[in-house]
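Reader: I'd like a close look at one part of this protein, please. Could you walk me through it slowly, neighbours included?

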Amino acid sequence: MKKLLLLSMILLAANISSGQDLKLNELEYFERQGVNILVYSNSFNGGFNDEKNSGIEIIHHGIRTIQGGAVRLNNTPEQWDLVPKMTSRKVDKENGSIEVGLRYEDYNFDSRVVVTAKGKAVEIAVWLDQPVPDAIAGEAGFNLEFLPSQYWLKTFMMDGRLNRFPRYATSQTISRPNSEKPRQFKGFKTYDDRGTNRFVDPLPLETGHSIVMATDTPERMIRISSTDSELKLYDGRMLAQNGWFVLRSVLPKGKTGKVVTWTVEPHAIPGWIREPNIGFCQVGYVPDQPKVAVIELDKQDKVQPTASLIRIKDDGTTEVAYKGETKTWGSYFKYNYVKFDFSSVQEPGIYYIQYAGTKTNNFLIDAHVYDKITDATTDVWVPIHMNHMYVNEGYRTWHGEPFKEGYLQAPESDHFDLHRQGPTTDTKYKPLELIPGLNIGGFFDAGDFDIETGSNINVVENFIRAWELFKPQRDETFVSEEQRYVDLHRPDGVPDILQFIEHGVLNLVAQAEQIGHMAQTLSNSALDNYHHLGDAASITDGLHYDPSLKPYEVSADGKRSGTPDDMWAFTSREPALDLRAATMFAAASRALRGYNDALADRALVQSKRLMKEGTELLNKRAQNPQDQMDFDWLLGIGSRNAGAQKPDKNRLKLMERSRKNREELGEMSTNLQLYAATHEKQYLNNFEKQIWDALELTLPFNLQTALDAVPYMDEAYRQKLRPYVEKYKAYIEDFDKQNPYGVPIGLGNWAGVNMILNFGITVNYAYLYFPDIISKEEIYRVPNWLYGCHPYHNYSFVAVVGAARPKQVFYGNNRADFSAIPGNVAPGLLFRKPDHFENFDDWPFLWGQNEGTIAGNTQYIIFGSAFKNLVPQ
Ligand SMILES: [Ca+2]
Ligand SMILES: [Ca+2]
Ligand SMILES: [Ca+2]
């Protein structure tokens with residue numbers, strides 16, 4: 001017996017010590033408790049991505065604090081600096097190593113990075129088969145980047161010299177001739193050199209061979225040393241507010257073989273277990289709704305059998321309101337999940353949840369908790385995003401009037417924000433000629449300031465839907481198109497939402513009238529002002545660009561300048577966009593009737609014209625099989641929704657019939673809109689000929705359109721729709737099996753809030769029209785998720801909404817201030833392969849998790865308005 005005990009103790013000890021070494025796991029990353037080292041589980045993308053999500057990444061005690069491990073060509077790379085393409089990735093399980101091949105096509109430069117587990121550390125080595133090409137010798141180096149918000153104010157020691165990471169960028173720089181700078185993505189330039197022909201290069205904070213960071217903070221402590229190379233520590237924020245701290249070693253000139261070797265040892269707190277994340281609805285709960293907290297647990301954590309709901313009484317003392325079992329849901333990616341159901345507690349009051357040693361902040365149970373969920377978005381976020389206006393709030397100016405000089409015809413070009421112009425401009429204007437009348441109305445796209453036409457169409461549609469469904473009379477905003485002035489919290493006698501519709505339509509109608517069709521976008525012409533952070537009115541100089549003047553020179557009359565900063569209109573014709581605009585214009589003419597009849601008339605004229613021209617162009621195009629896929633997708637019957645599944649015979653038949661119908665009858669949702677606008681029966685007949693095939697083909701995508709038609713249709717339609725709603729009920733419930741949160745969770749490089757809001761809107765309407773099929777409790781799925789019941793942390797994804805703990809930082813245009821624009825809705829949880837969800841709340845700069853968009857936020861207004869109206873029913 002004693003022997004056995006001894007043996008098991010030895011086994012246990014062996015387990016523990018091997019558990020402390022880094023091991024390559026099944027998911028192909030290095031792991032020990034508290035430390036995950038990923039080697040190109042996520043690749044760089046080039047150009048559009050923010051590129052702070054890739055290469056060698058370290059998740060340190062649950063937070064991805066280190067990334068960007070790769071051979072890079074700059075001391076502190078920016079978003080549009082070249083990234084290496086991964087040409088190979090070999091995982092050697094036996095020897096515990098991962099090797100990636102990296103290539104810079106522009107410089108015909110290949111390197112290999114090999115990461116090998118060595119006890120508690122990894123060795124990172126860079127291998128070259130050919131020396132670094134001359135053009136980038138001395139520039140190419142191995143970089144690793146550290147998250148500023150997790151390292152600032154922490155100590156570091158380089159070769160025994162003590163120091164502290166600066167809170168703000170205040171180190172030193174030099175300037176160097178542009179000719180020495182490695183080229184940027186597609187030849188774009190992120191900086192305005194003010195005519196000096198020189199670029200700025202940061203100097204290192206420290207240089208040496210061995211660095212220990214954050215000895216004062218065990219969660220962040222890391223030791224890095226190199227015997228063959230010099231380590232240099234830089235502050236990437238010197239060039240760009242979204243820069244990280246960068247540690248790098250320049251690759252030696254003229255050498256091959258193993259040229260750089262680092263030993264990297266992230267500290268692991270012995271026995272560390274991640275604190276449980278208790279997901280719940282921060283906004284609170286109405287008394288009769290289901291109330292289920294989802295508790296996210298470290299896989300090493302032991303599940304506690306119970307959790308408690310504590311009530312804070314009127315006198316400030318507390319009492320246990322309910323103690324109940326936790327129910328295991330199971331594992332989902334890297335964590336385990338249990339649920340705590342406290343639905344039985346219905347008494348209004350102030351509560352918090354206690355699970356083991358973890359207490360949440362407090363929340364309310366009360367009949368009115370959801371009453372104000374859309375106010376911040378409608379009263380603050382939306383008006384701040386009104387383009388071509390001066391926006392004031394109390395003592396504060398959010399921005400002056402932007403883009404006074406208007407928009408120039410974009411020449412044929414490739415664009416940094418993914419717009420393409422060409423091969424033709426499809427307008428009567430010459431490249432760089434002023435297109436009159438476009439600097440009016442419209443909404444900033446997101447954290448940037450362009451007018452994405454597609455998004456702006458969505459925005460107007462969303463406002464119209466909100467207006468027609470809920471007739472919100474809310475008037476908190478003064479809007480004068482004549483003064484080009486917006487004042488927040490100043491009623492002017494007109495419902496704000498009508499003014500928002502008008503503002504959106506003013507720009508879109510101007511596009512249709514001036515250009516003849518819809519522009520793809522009105523956007524920046526220069527990358528160096530695209531990443532603008534600050535007053536939108538200062539993005540351009542407000543003066544017409546005159547190429548006969550020198551850059552930065554202003555004409556004698558003060559009206560023109562030689563600075564090529566004017567915005568461009570990208571005008572290559574996209575008939576699908578014209579059709580979407582036609583649908584929206586039809587609805588807008590209806591909504592604006594009686595408020596602004598002149599604009600309603602203009603919108604209707606453009607609707608009819610674009611509908612006719614767009615359909616003809618699309619049908620012509622549909623003869624080309626290359627375009628067929630996009631065409632199908634537009635119809636909502638397409639292969640992108642069907643996934644990789646090869647369509648069977650029946651499906652192909654349906655698709656063919658849908659296509660034919662579309663050619664003859666026009667687009668389904670347009671027909672519905674046109675019926676609503678005109679009450680001409682033929683549109684409704686057309687719609688009915690199309691909707692059933694669409695529901696057969698892609699139910700989740702098309703049910704909303706079918707529900708939108710319910711108010712115009714008879715009882716027979718409603719009966720025919722029933723089996724589809726029943727199918728949709730099964731679709732909803734299936735999410736309970738897919739993940740512990742019961743909503744569709746996206747895994748793309750833009751977290752999935754739009755998909756979740758769409759889902760929420762459809763569930764709301766399915767419940768409204770078919771309460772005997774879709775039960776009321778289903779409508780709470782999406783608000784739960786949005787307001788805090790989700791992985792990673794439990795903060796509300798809507799800025800300032802979420803009584804006690806909304807998120808603090810968003811990727812809005814004030815992100816440089818580590819702030820938020822109230823009412824913004826974050827995309828949510830960004831998935832990093834192979835198993836990590838993330839939403840930073842101390843670092844706003846990753847757009848995939850923190851950037852709210854104008855289309856998404858207006859979609860939130862629909863969702864929130866529908867939801868809060870349904871709650872009391
Ligand atoms: Ca944009
Ligand atoms: Ca108003
Ligand atoms: Ca200008």
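How many of the ten residues of strand 5 (residues 63–72) are buried, and what does that say about how the strand sits in the structure?

Author: Happy to! A word on the ground rules: this is a predicted model, where local features need pLDDT of at least 70 and side-chain atom pairs count only at pLDDT 80 or more, while totals for chains, interfaces and linings use all residues. Residues are numbered from 1 along each chain as its sequence is written, chains are lettered from A and ligands numbered from 1 in the order in which they are written, and side-chain values use heavy atoms, leaving out hydrogens and water.

Now to your strand. Nine of its ten residues are buried, so strand 5 is largely enclosed by the rest of the structure. Buried here means under 20% relative accessible area (exposed is over 50%, partly exposed in between; 1.4 Å probe, protein chains only). Strands are DSSP runs of E with at least two residues, numbered from the N terminus.

Let's meet the neighbours. Strand 4 (residues 56–60) runs antiparallel to strand 5, and four bridges join them; two strands count as paired if DSSP finds at least two bridges between them. Within this pairing, isoleucine 56 has glycine 69 of strand 5 as its bridge partner. Strands 4 and 5 form a hairpin with two residues between the strands, and there histidine 61 takes a positive phi near 50 degrees.

Strand 5 also pairs with strand 10 (residues 141–146), again antiparallel, over five bridges. In strand 10, glutamate 145 is the residue that glutamine 67 stands opposite.
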